[in-house]
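Morning, everyone. Please bring up the sequence and the model side by side. I'll walk through the fold and then a few residues.

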Amino acid sequence: MLLDARAPAEDGPGTDLISLLGTALQDEPDARLRWRGLRDQLITMLLAGHETTASTLSWTWYLISGQPAVAAAIRQEATDVLGDRVPAFEDVARLPYTTMVIQEAMRLYPPVWGLPRKAVNADEIDGYRIPAGADVMICPYTLHRHPAFWPDPDQFRPERFAASAPPPAHRYAYIPFGAGPRVCVGSHLGMMEAVLVAAMVARGFRFELQGAAGRETEPNLSLRMRGGLPVKVLRA
């Protein structure tokens, strides 16, 4: 099995995800709990930590394909900050413009487009009665494009998230990772992945969109792009 192939070597455990999880769980005496924990963590990383980031990056590159100034700014920031080295966690804070672009992409195309919740008690929201036990769906896609919270909501404007920009009109107007006690536990990991990958790719490559200019959304587990994103990859 994959885990057996990653048994700790004499010089210590490997650095890949399965090796690290195997090492973290190796002291669990109950084999069933150990395997269940490993399985659950891998599923979480695959579905919540891979699919969502891939969706975010696809929409990011789609959005900047028609914004040469934005693409150039990301490339310049990546070159200035990273040079030709491999990025580290500390570099995320040094890539503010790339972070703004990712945040704006998640506003327009939040990877988790629907957040299901269950009402613990009966409630009333804007005149609508919510019985106890009812399923409630929150739609960040709609919320992020609501004109009461966002001026020109359908336009791609990374500067909305600049440090000097005013905050959203409501504290819950922007919830790409959810909010409250069940906010996504991987929000920081997701942002780190998206920002660093975007910077690394922009540093070396640029994309030319192929086919139709507009792309349709495909709301599955994450907000996918119907038909994918056909591009021509060119050196930056």
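What pattern does the protein chain follow, read along the sequence? It runs α-α-α-α-β-β-β-β-α-α-β-β-β-β. That makes six helices and eight strands. Helices (H or I, at least four residues) and strands (E, at least two) are DSSP runs, numbered from the N terminus.

Ground rules before we go on. This is a predicted model: local features need pLDDT of at least 70, side-chain atom pairs count only at pLDDT 80 or more, and totals for chains, interfaces and linings use all residues. Residues are numbered from 1 along each chain as its sequence is written, and side-chain values use heavy atoms, with hydrogens and water left out.

Overall figures next. Taken along the principal axes, the C-alpha atoms fill a box of roughly 60 × 55 × 35 Å. The chain has 236 residues, and 33% of them count as buried. Buried means under 20% relative accessible area, exposed means over 50%, and partly exposed is in between, with a 1.4 Å probe and protein chains only. The accessible surface comes to about 14,500 Å². Carbon and sulfur atoms own 58% of that surface. Areas come from the Shrake-Rupley method with a 1.4 Å probe; for residues, only the protein chains shown count as cover.

Now contacts, meaning heavy atoms within 4.5 Å. Take those between residues at least 6 apart in sequence: 64% join residues at least 24 apart.

Next, a helix pair. How do H3 and H6 cross? H3 covers residues 68-82 and H6 covers residues 187-204. Their axes come within 8 Å and cross at roughly 100°. Axes here are lines fitted to C-alpha atoms, for helices over the stretch in contact, and angles run from 0 to 180 degrees between N-to-C directions. H3 and H6 are therefore roughly perpendicular to each other, a label that covers 65 to 115 degrees.

Who meets whom? From H3 we have Ile74, Arg75, Ala78, Thr79 and Leu82. From H6 come Ala198, Ala199, Met200, Ala202 and Arg203. The residues of this contact divide into seven nonpolar, one polar and two charged. In that scheme Ala, Val, Leu, Ile, Met, Phe, Trp, Tyr, Cys and Pro are nonpolar, Asp, Glu, Lys and Arg are charged, and the others, Gly among them, are polar.

On to helix H2, residues 31-64. Serine 55 has its place there. Is serine 55 buried or exposed? Serine 55 counts as buried, because its relative accessibility is 5%. Leave out residues up to four places away in sequence, and serine 55 touches Pro111, Ser222, Leu223 and Arg224. Arginine 36 is also in H2. At 45% relative accessibility, arginine 36 is partly exposed. Its C-alpha atom is 42 Å from that of aspartate 126, which is 90 residues away along the chain.

Then a loop. Glycine 127 lies between strand S2 (123-125) and strand S3 (128-130). Glycine 127 is exposed, with a relative accessible area of 55%. Proline 87 is 40 residues from glycine 127 in sequence and 50 Å from it in space, C-alpha to C-alpha.

Last, the cysteines. How many disulfides does the structure hold? Zero, with a disulfide taken as a pair of cysteine sulfur atoms within 2.5 Å. Cysteine 139 is partly exposed at 26% relative accessibility. Cysteine 184 is partly exposed too, at 30%.

Key
Angles under 35 degrees count as roughly parallel, over 145 as roughly antiparallel, 65 to 115 as roughly perpendicular and the rest as oblique.
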